[in-house]
Amino acid sequence: QAQLVESGGGLVQAGGSLRLSCAASGRIMYVMHWFRQAPGKVREFVSAIRSGGSTYYADSVKGRFTISRDNAKNTAFLQMNSLKPEDTANYYCAAGRMLSMSGIPSDYDYWGQGTQVTVAS
C-alpha cells in the first residue's frame, strides 16, 4: 500500500516562495494532484499533473505556481511563487488513476496528511 508524504510547508512573507514535495512510498504512475483547505473553507483544487507531464492549474494560482514530478523518485512538487495571504491553507497531495478536480476522497487512491502553508502580510 503506497503512502504519500508532503513536506516543504512553512511560514513565509507575502511575495515569497515555497516548494512543496509529495513523496510516494511506492511507484505511482497516477495523476498527482494538489489541493488546499483553509479553516472554515471547502477543499480547493490547486493543480494536477499527469504521468506524461500535462499540467492543470486553478485560475487563482495560474502564473504563480508550477507543478512538476520526478517519476524516477516517485515525487511530485509544487513550486509556489509570489505567495499571497489568501494562499494560506493546509496543502494536500492526492494520487488517482484519473484527473479529478473534485476533491472528493473516493476519486483518489491515495491522500497525504497535508503540510501547512502560512503567508504573512
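**Aromatic contacts at a glance**

At 16% relative accessibility, Tyr-92 counts as buried (under 20% relative accessible area; exposed is over 50% and partly exposed in between, with a 1.4 Å probe and protein chains only). This is a predicted model, where local features need pLDDT of at least 70, side-chain atom pairs count only at pLDDT 80 or more, and totals for chains, interfaces and linings use all residues. Residues are numbered from 1 along each chain as its sequence is written, and side-chain values use heavy atoms, leaving out hydrogens and water.

**Ring pairs**
- Searching the whole structure turns up six aromatic pairs (Phe, Tyr or six-membered Trp rings with centres within 6.5 Å; planes under 30 degrees apart are stacked, over 60 edge-to-face, the rest tilted).
- Phe-35 and Tyr-108 have ring centres 5.5 Å apart and planes at 75°, so they sit edge-to-face.
- Phe-35 is in strand S4 (residues 31-37) and Tyr-108 in the loop between strand S9 (89-96) and strand S10 (110-111), so this pair ties together parts 73 residues apart in sequence (strands are DSSP E runs of at least two residues, numbered from the N terminus).
- Both of these residues, Phe-35 and Tyr-108, are buried.
- Tyr-92 and Trp-111 are edge-to-face too, because their planes are at 80°, with centres 6.4 Å apart.
- That pair links distant parts of the chain, with Tyr-92 in strand S9 and Trp-111 in strand S10, 19 residues apart.
- Trp-111 counts as partly exposed, at 23% relative accessibility.

**The cluster**
- Phe-35, Phe-45, Tyr-92, Tyr-108 and Trp-111 are joined into a cluster by ring pairs.

**Charges over rings**
- Arg-43 lies over the face of Tyr-92, 5.7 Å from the ring centre (the cut-offs are NZ of Lys or CZ of Arg within 6 Å of the ring centre and within 35 degrees of the ring normal).
- Arg-19 lies over the face of Phe-77, at 4.0 Å from the ring centre.

Definitions and conventions. Helices (H or I, at least four residues) and strands (E, at least two) are DSSP runs, numbered from the N terminus.
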